[in-house]
Each structure stands twice: as C-alpha cells, then as structure tokens.
Amino acid sequence: MFSIFKKSAAPDAKASAPQDPGAPITTVTVTVNGRTVTAEVDPRMLLSQFLRDSLQLTGTHVGCDTSQCGACVVHLDGRAVKSCTTLTLACDGGSVTTIEGLSQDGTLHPMQEAFRNNHGLQCGFCTPGMIMSAVDIVNRKGNTLDEATVRAELEGNICRCTGYHNIVAAVREGAANMTGVKQAAE
Ligand code: FES
Ligand code: FES
C-alpha cells in the first residue's frame, strides 16, 4: 500500500534544492505542513519539484506535467493548486499543505478515513491529489455535494483505475465526516 495516509518525516528547516549550475538563485521561505523552510532555489523550480526533490515529500505525485491529471494537487494558503504548474517562488511567504500534513497526531483526516472506508482507490497513484482536491471542495462548497457536483468538481483529477464510483462515494462521506452532516442517499 502506498504511504499516502502516513505522515512522513518533517522536512529540514533549511533545504537545498538541486541546482542547474549557472542558473540564477533566489531564496524562498515557505511554511510546509506547519514547518518553516528557507531554501535557495532556481526561480524556475516547480513546487512539485521542491516538495519531492528538495523536501522528500513524495506523497505529492507527478502524473503528467501538463496540468491535466491532478496527482500533484496540494494546498497553497488553504486553496488547492496543481504543484506541477506552480512556481516555488510564487509560494514565498505562503503556507503549503501536502498529503503528508493532512493527518494530525497520527489521526487520519476525515477525508482520508472516508477514502479508506469506501476503498476509493486501487493503485493509489491519483489518491493524494484526489484527497487534497476533495478537502478543498468541501472547504469551498460545504456539505452540499450531490454525486453530480462531486463529479464536476473532480474534473481536474484523473483516475486510471477505479471508474470513480468509490471515489465519489468517499468524497461524499468525507464531506459528511468533515461537516458532521450526513449526505442524503441518491
Ligand atoms: S502532475 Fe500536475 S496535473 Fe498532472
Ligand atoms: S487508483 Fe490508480 S490512478 Fe486512481
């Protein structure tokens, strides 16, 4: 099983990014999963590269690099973004949450619980992005999530395995878990 539900080791407070020799360097300070990180980065470095290569937060997946699949979704200042098309430099002074930062003190986030309960995954590759998008959907829309709404809101997240049925059920249950309001059956 993928380690999407587990919190990985906290990133180092100072992280050095792989650099292209001769490339311009700039310093960024970003809070990642509650911990402030200061790093020197190439201004062209993508947030997905920074998270995966510099901080070893590999729960954020990269499935396309063309902003289509959604496997790379994280939260920047509380809103879902595709980290494969977000510059690290654009996050300077901001706060990033990845799938590793979603659980608290060893307790799964309610949306993670819902994905586990509903088996909303097969290979798990899309799952971190699905869960981060799902939390964002509930944060924006509350518990008014009928099946059609969930499917429409997840249009930026592609799953190659499941057929989406269990993912949609998981998001609706996760919404209920997060808000304490049960979804009407459809
Ligand atoms: S890797 Fe970012 S959308 Fe596919
Ligand atoms: S579970 Fe395999 S891509 Fe979604």
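I will start with conventions and the overall layout, then take the helix pairs, the core and the loops.

This is a predicted model, in which local features need pLDDT of at least 70 and side-chain atom pairs count only at pLDDT 80 or more, while totals for chains, interfaces and linings use all residues. Residues are numbered from 1 along each chain as its sequence is written, and chains are lettered from A and ligands numbered from 1 in the order in which they are written.

First, the layout. The protein chain has five helices and six strands. Helices here are DSSP runs of H or I with at least four residues, strands are runs of E with at least two, and both are numbered from the N terminus. Along the sequence the pattern reads β-β-β-α-β-β-β-α-α-α-α.

Of the 186 residues, 42% count as buried. Buried means 20 or more other C-beta atoms within 10 Å of the residue's own, exposed means 12 or fewer, and partly exposed is in between, with C-beta atoms placed from the backbone. As for contacts between residues at least 6 apart in sequence, 65% join residues at least 24 apart. A contact is two residues whose C-beta atoms, again placed from the backbone, lie within 7 Å.

Axes are lines fitted to C-alpha atoms, for helices over the stretch in contact, and angles run from 0 to 180 degrees between N-to-C directions.

The crossing of H2 and H3 is right-handed. On the H2 side, the contact is made by Met 111, Gln 112 and Phe 115, and on the H3 side by Thr 127, Ile 131, Ala 134 and Val 135. Those residues divide into five nonpolar, two polar and no charged. In this count Ala, Val, Leu, Ile, Met, Phe, Trp, Tyr, Cys and Pro are nonpolar, Asp, Glu, Lys and Arg are charged, and the others, Gly among them, are polar.

The C-alpha atoms of Gln 112 and Val 135 are separated by 9.4 Å, and the two residues are 23 apart along the chain.

H2 also packs with H5, residues 165–179, where the axes come within 8 Å and cross at roughly 140 degrees. This crossing too is right-handed. From H2, Pro 110, Met 111, Glu 113, Ala 114, Phe 115 and Asn 117 meet Ala 170, Glu 173, Gly 174, Asn 177 and Met 178 of H5. The contact holds six nonpolar, three polar and two charged residues.

The next pair is H3 with H5, packed at an angle of about 50 degrees with axes 10 Å apart. That makes H3 oblique to H5. The crossing is right-handed. Met 130, Ala 134, Ile 137 and Val 138 of H3 meet Ile 167, Val 171, Gly 174, Ala 175, Met 178 and Thr 179 of H5. Here the division is eight nonpolar, two polar and no charged.

On to the core. The largest nonpolar core has 47 residues, and those with the most contacts inside it are Ile 131, Met 132, Ala 134 and Val 171. A nonpolar core is a set of buried Ala, Val, Leu, Ile, Met, Phe, Trp, Tyr and Cys residues joined through C-beta atoms within 7 Å. Elements giving two or more residues to this core are E2, E3, H1, E4, H2, H3 and H5. H3 gives the most, with seven residues.

H1, residues 47–54, has six of its eight residues buried, so H1 is largely enclosed by the rest of the structure. The buried ones are Leu 47, Ser 48, Gln 49, Phe 50, Leu 51 and Ser 54.

Last, the backbone. Just after H1, Gln 56 takes a positive phi of about 55 degrees. Asp 105, not a glycine, has a positive phi of about 50 degrees. Asp 105 sits in the loop between E6 and H2, and is exposed, with 5 other C-beta atoms within 10 Å. His 119 lies in the loop between H2 and H3, and its phi is near 45 degrees, also positive.

Technical notes: Left-handed = near helix turned anticlockwise from the far one by under 90°. Parallel < 35°, antiparallel > 145°, perpendicular 65-115°, else oblique.
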